[in-house]
Every structure is written in structure tokens, then in C-alpha cells.
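Dear colleague,

Please find below the structure that I am handing over to you. I would be grateful if you could read the notes after it with the coordinates open.

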Amino acid sequence: MIVILKQNPDANQLNRLISWLREKGIDVHETIGASQTILGLIGDTHHLDMDLITALDIVDDVRRVQEPYKNANRKFHPRDTVIKVGDTQIGGGNLTLIAGPCSVESEEQICAIAESVKKSGATMLRGGAFKPRTSPYSFQGLRGEGLRLLSMAKKLTGLPIVTEIMDISQLPLFDDVDVIQVGARNMQNFELLKALGQTHKPILLKRGSSCTYEELLMSAEYIMAGGNEQVILCERGIRTFENYTRNTLDVAAVPVLKQLSHLPVIIDPSHATGKSALVDSLSCAAVAAGADGLIIEVHNDPAHAMCDGPQSIRPEAFDALAKRLRIISDAVSAK
Ligand code: PEP
Ligand code: MN
């Protein structure tokens, strides 16, 4: 349920209303906007008398929220959420460019890629240390050593780092990680989501390859219900009948998720297609559709990459793409 307040509500009356709701076991989230203040009520609101609340002097309107996601719902929080990571901001009209290899392979590899993507304007560095691979015989990532090398690249370039967690037990190793990624395969690992809800780090939540928008938002809700409201949604392609591409990029996810939620939405064109030649067009399409950013796999030697070489673009290609994306982003925000 949301309670929309009249402009400049009397502070005493507002505090009384909030205390009364909390006594009834309702969790109250106050969002103060330029023209409107909204109270988002979470909990069992069925026994609340809507007419009684509507009749209060300070209340303009009361509405039930049908969707099962509340914290992630734009109705609870009309303004875009902007997430600060180091000196950069995600959401709110900023173009976030996360670039780097699928996997961290060596100090030379991650540091060289980090330096080149930084020069091209990347705002964050990606690189997998714990790799979710379909085959147990494939490279599983450098694990703790991979995280150590990411920290070195961060120190060298100043770029915040984004890397994937696969299990709660890995969390103590993530102290120096700026944004924790939850991969498509773990989107519905609810115990992991609950644990991340207890952290204070931004979470990049990837859509499961067979999951609906509502399921993605419910997974975000798990993190937010724990008190961590810094969630970035990521569309990375879904499974369809088409098998020419690794997955099918659902560009509609951008406007739909932004309509349903206030959370930033980014696109991963690399896993969406599995083909480096398609990354350019789909990145442009994503930004044109209003995405807040992209996470792109960039490798300095794709032919010898230990993971996802065929979908990785070279640093020079990323440089050219980043320039075009800024032009598209400016054109979109000028509308
Ligand atoms: C990745 O980003 O390297 C990754 C494994 O992505 P996804 O979870 O989208 O497959
Ligand atoms: Mn990958």
C-alpha cells in the first residue's frame, strides 16, 4: 500500500501516522520528492482501514499496490535510484560503462585490459574470479587469487571493480570488491540474495535466462528487504527458440523494468549474443532504448581467452564503441 501525502504535511501529524503504522507491525518507507512525499507500507496491510487513512488532513490519496515487489516498485519510489560507486554514479542519466575480460587470467592480462578500458572511458572494471561454467572440466576461475589481481588492477587504475559471487561462503573475500555481481544462474539463489541484503555493497543482479521481469524484480526485492537498496538490474539475454545467438537480447527489458521499477537497468550485450561482431549494434540499441549502462566483455587476446573469447571485443573496438555510445547517450538524454 502507498500513502501519498499532501504538500508540506504537518510534521507532528506525519510522525503520529508513521508511529501508529509501525505499532501495527507495518514497515514504513518514506520517500520525499520535490512535489510529493510518499509512504510505502510493507507488511500485512489488509487489516488497515484505507478510508480512515485517506480521511487524515495530511493525506492526499491511498492506493493498494498489487505487485508482489514493493521496495523495488516505482510506485513506492517514483524517482530513479542513483547508486554511487567511488567517483561514479549509476542511474539518473549517467552512462555506466563496465568493461573487462570474462575471467581474470593473470596480473599482466587484467592490468593491461584495465588500463586500456580506463583510457577509453570505462567507469568500472569487470572480471570473473569465480566462474559459473556449464562444464566442470572448463576453467573455473582463479578464485581468491583472481580477486587479489582485480584489487591490483583497481589500485593501478582507480577503476572500481565488479565481480561475481557464487556462494555465501565467498563473501568474506569480497571486502575490496565495489559491486558484487549475482550471475544469471544464481538469480534465484534466495539464501545468497538474503545474505547480500545484509551487506552495504551495490549488487549487480543479472536476469536468469528463463526468468520473467517479475521474477527478476522479486529477486531484487529479496536483497532490498534485507536493507540493501543498492541493486542494479541487468538484462543479459534470455533463452528462446533462436539458437544462432547464445541467447536473445530482450531490449524491451529496458523500458519495461524502468517503468516497473526505480532501479538502474544495464545491458550485457556479450552474454546476450555470444558473438563479438554483434556487441556494437546491440550496445547502441541498449543505450538508445534508455539503458543506464552496459557491461561488456573486453579482452586483449580474444583468440586465447580462457573463457568467452568469441564474444569478447578488443580494447580498440571498445574505444570506438565508447565514443559512439556517448553520442547516443547525449542524444537520448536531450529528448
Ligand atoms: C559473466 O558475467 O561472466 C557471466 C557468467 O554472466 P551470466 O551470469 O549473465 O551468464
Ligand atoms: Mn563471460
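This is a predicted model: local features need pLDDT of at least 70, side-chain atom pairs count only at pLDDT 80 or more; totals for chains, interfaces and linings use all residues.

Metal site. The manganese ion (ligand 2) has four protein donors: Cys102 through SG, His271 through NE2, Glu297 through OE and Asp308 through OD, at 2.0 to 2.4 Å. Along the chain, these donors follow the spacing C-x168-H-x25-E-x10-D. Because His271 belongs to helix 8 (residues 269–273) and Glu297 to strand 14 (residues 293–297), the pair ties together parts that are 26 residues apart in sequence. His271 counts as buried, at 9% relative accessibility, and Glu297 is buried too, at 1%.

Ligand 1. This molecule is surrounded by 13 residues, of which Arg126, Lys131, Ala184, Lys206 and Arg236 are the closest. The shell divides into three nonpolar, three polar and seven charged residues. Oxygen atoms of ligand 1 lie 2.8 Å from a side-chain N or O atom of Lys131, 2.8 Å from a backbone N or O atom of Ala184 and 3.3 Å from a side-chain N or O atom of His271. The protein covers 97% of the 290 Å² of accessible area that ligand 1 has on its own.

Helix 8. Thr273 is also found in this helix. With a relative accessible area of 3%, Thr273 is buried. Its side chain reaches the backbone nitrogen of Lys275 at 3.1 Å. Beyond its neighbours within four places in sequence, Thr273 is in contact with Thr245, Arg246, Asn247, Leu278 and Leu282.

With kind regards

Methods. Residues are numbered from 1 along each chain as its sequence is written. Chains are lettered from A and ligands numbered from 1 in the order in which they are written. Side-chain values use heavy atoms; hydrogens and water are left out. Donors are N, O and S atoms within 2.8 Å of the metal (3.2 Å for Na, K and Ca); water is not among the atoms, so sites may look incomplete. Helices (H or I, at least four residues) and strands (E, at least two) are DSSP runs, numbered from the N terminus. Buried means under 20% relative accessible area, exposed over 50%, partly exposed in between (1.4 Å probe, protein chains only). A polar contact is a pair of N or O atoms within 3.5 Å; within protein, one must be able to donate a hydrogen and the other to accept it, and residues adjacent in sequence count only if both atoms are side-chain atoms. Contact means heavy atoms within 4.5 Å. A residue is near a molecule or strand if one of its heavy atoms lies within 4 Å of it. Accessible areas come from the Shrake-Rupley method with a 1.4 Å probe; for residues, only the protein chains shown count as cover. Ala, Val, Leu, Ile, Met, Phe, Trp, Tyr, Cys and Pro count as nonpolar, Asp, Glu, Lys and Arg as charged, and the others, Gly among them, as polar.
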